Amino acid sequence: MLVARLDGLSLSQLRLAVSPVAEATHWMRVTLTRSGHPVHGDPGPVARAALRHPDVALAAHLLTPVGQPGYMPDLLTPKPAPGSPATVLEGQFAAIEATTPEQVAVQVAARYGRRPVPPAVRAAMAEGALAMRVAAGLRRFWQEALADRWPHVCTLLEAELTEQATRMATGGVGRMLDSLHPAIHWTAGALTIESRFRTDATLTDIEVVVTPSVLAWPQVTAQFCDARDAVLGYPAHGRQPGGRGRLGDLVGTSRAELLADLDVPRSTGELSHRHHLAPATVSYHLGVLLRSGLVRRQRDRHRVLYQRSATGDGLVGRPLAGV
């Protein structure tokens with residue numbers, strides 16, 4: 001369990017923001033996998049080609065693999081300052097560049113623990129150039145792999161900010177924090193995040209920034225090691241009031257409609273009839289949803305039935321379930 005105890009001054013400074021560099025970091029993690037993202041698919045050959053640049057590869061060494069727990073250096077996801085996403089992005093690159101060699105050493109040690117540090121990382125640290133090169137690598141990856149996608153991603157994130165700001169204005173900070181994700185709770189002045197790790201931090205007169213993420217879905221991230229860089233990341237909700245527009249943007253219209261219809265177990269044939277789709281098309285979409293963990297499969301005598309998983313339920317109508 002991760003626990004952050006906020007005093008009144010910290011609570012009064014809590015704000016919502018978009019973190020462009022965090023999105024780039026998460027997209028780089030996805031690019032390193034063979035399976036792609038469960039919702040957003042394959043980053044594509046251009047993103048994979050970007051990984052071959054030495055500075056991008058250096059940044060990639062510091063990432064934890066998707067789906068595996070572990071510490072990822074805070075320098076990769078600096079707190080976003082107030083401002084427009086464009087100015088925030090440049091400010092985050094500058095913050096990475098300003099990371100001191102002492103901070104780099106502590107964070108790299110925490111990242112690898114008793115495991116060997118990759119030679120490229122050791123060499124960059126010895127030269128005192130790791131922070132500068134990581135910033136250059138993330139900038140290059142942003143330009144080559146994410147810049148074209150960013151307007152769409154940013155639109156989803158800004159819609160999420162509006163939704164949560166409204167919730168905070170009408171129900172208070174506690175209600176907003178409780179709504180972010182089933183693993184995030186606000187109780188008696190403490191922010192708790194369900195996790196296999198154990199941290200208990202007291203934040204006094206500290207600004208905490210809450211950042212939604214589209215590309216980190218479905219993960220929750222918490223950054224409290226350095227109170228001055230306190231960030232809570234959560235997966236942006238997969239719907240908008242009154243419809244499934246944003247869900248369709250994320251998973252595609254046909255899969256969104258099938259997923260929404262799987263609140264009860266249904267067979268491929270039944271879904272084919274209900275949605276006027278060929279059985280082979282339904283089977284393909286169900287396979288994608290199954291591999292993504294959004295549905296589960298069960299056998300009922302001679303029939304195979306599909307139903308939404310808890311993660312799928314969250315994507316359709318509640319805060320997304322984490323991994």
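The legends below go with a set of close-up views of one predicted model.

This is a predicted model, so local features need pLDDT of at least 70 and side-chain atom pairs count only at pLDDT 80 or more, while totals for chains, interfaces and linings use all residues. Residues are numbered from 1 along each chain as its sequence is written, and side-chain values use heavy atoms, with hydrogens and water left out.

**View 1. Helix 2 packs against helix 8.**
Helices (H or I, at least four residues) and strands (E, at least two) are DSSP runs, numbered from the N terminus. Helix 2 (residues 20-31) meets helix 8 (residues 130-146) at an angle of about 75 degrees, and their axes are 10 Å apart. Axes here are lines fitted to C-alpha atoms, for helices over the stretch in contact, with angles running from 0 to 180 degrees between N-to-C directions. The pair is therefore roughly perpendicular (65 to 115 degrees; under 35 is roughly parallel, over 145 roughly antiparallel, the rest oblique). Helix 2 brings Pro20, Val21, Glu23, Ala24, Thr25, Trp27, Met28 and Thr31, and helix 8 answers with Leu138, Phe141, Trp142, Ala145 and Leu146. Sorted by type, the residues of this contact come out as 10 nonpolar, two polar and one charged. The sorting counts Ala, Val, Leu, Ile, Met, Phe, Trp, Tyr, Cys and Pro as nonpolar, Asp, Glu, Lys and Arg as charged, and the others, Gly among them, as polar. Contact means heavy atoms within 4.5 Å.

**View 2. The largest nonpolar core has 65 residues.**
A nonpolar core is a set of buried Ala, Val, Leu, Ile, Met, Phe, Trp, Tyr and Cys residues joined through side-chain atoms within 4.5 Å. Buried means under 20% relative accessible area, exposed over 50%, and partly exposed in between (1.4 Å probe, protein chains only). Which residues touch the most other members of this core? They are Met28, Val134, Leu138, Phe141, Leu191 and Leu203. Helix 8 supplies the largest share of the core, nine residues. A second, separate core of 12 residues includes Val39, Leu286, Leu289 and Tyr306. In soluble globular proteins, nonpolar side chains tend to be buried together.

**View 3. Helix 4 has a set of buried residues.**
In helix 4 (residues 54-61), the buried residues are Asp55, Val56, Leu58, Ala59 and Ala60. Their cover includes helix 2, helix 3 (45-50), helix 7 (119-126) and helix 8.

Strand 6 runs parallel to strand 8 (residues 231-235), with five bridges joining them; Ser213 has Pro235 as its bridge partner. Apart from neighbours within four places in sequence, Thr211 contacts Ala17, Ser19, Pro80, Val231, Leu232, Gly233 and Tyr234.

**View 4. Strand 3 and strand 4 make a hairpin.**
Four bridges link strand 3 (residues 184-187) with strand 4 (residues 190-193), and the two run antiparallel. Thr187 stands opposite Ala190. There are two residues between the strands, and Ala188 in the turn has a positive phi of about 50 degrees. Strand 3 covers one face, Ile184 and Trp186, and leaves His185 and Thr187 on the uncovered one.

**View 5. Helix 14 lies across strand 10 and strand 11.**
The open sheet here has three strands in the order 9-11-10, with antiparallel pairing. Strand 9 and strand 10 (295-300) are its edges, each with a single partner strand, so one side of each lacks a neighbour in the sheet. Strand 10 and strand 11 (residues 303-308) pair over six bridges, with Asp300 opposite Arg303. Helix 14 (residues 279-291) runs at about 115 degrees to strand 10.

**View 6. Asp205 and His276 are two loop residues with positive phi.**
Asp205, in the loop between strand 5 (199-203) and strand 6, has phi near 55 degrees and is partly exposed at 43%. His276, in the loop between helix 13 (268-275) and helix 14, also has phi near 55 degrees, and is exposed at 73% relative accessible area. Most residues other than glycine have a negative phi.

Terms used. Two strands pair if DSSP finds at least two bridges between them.
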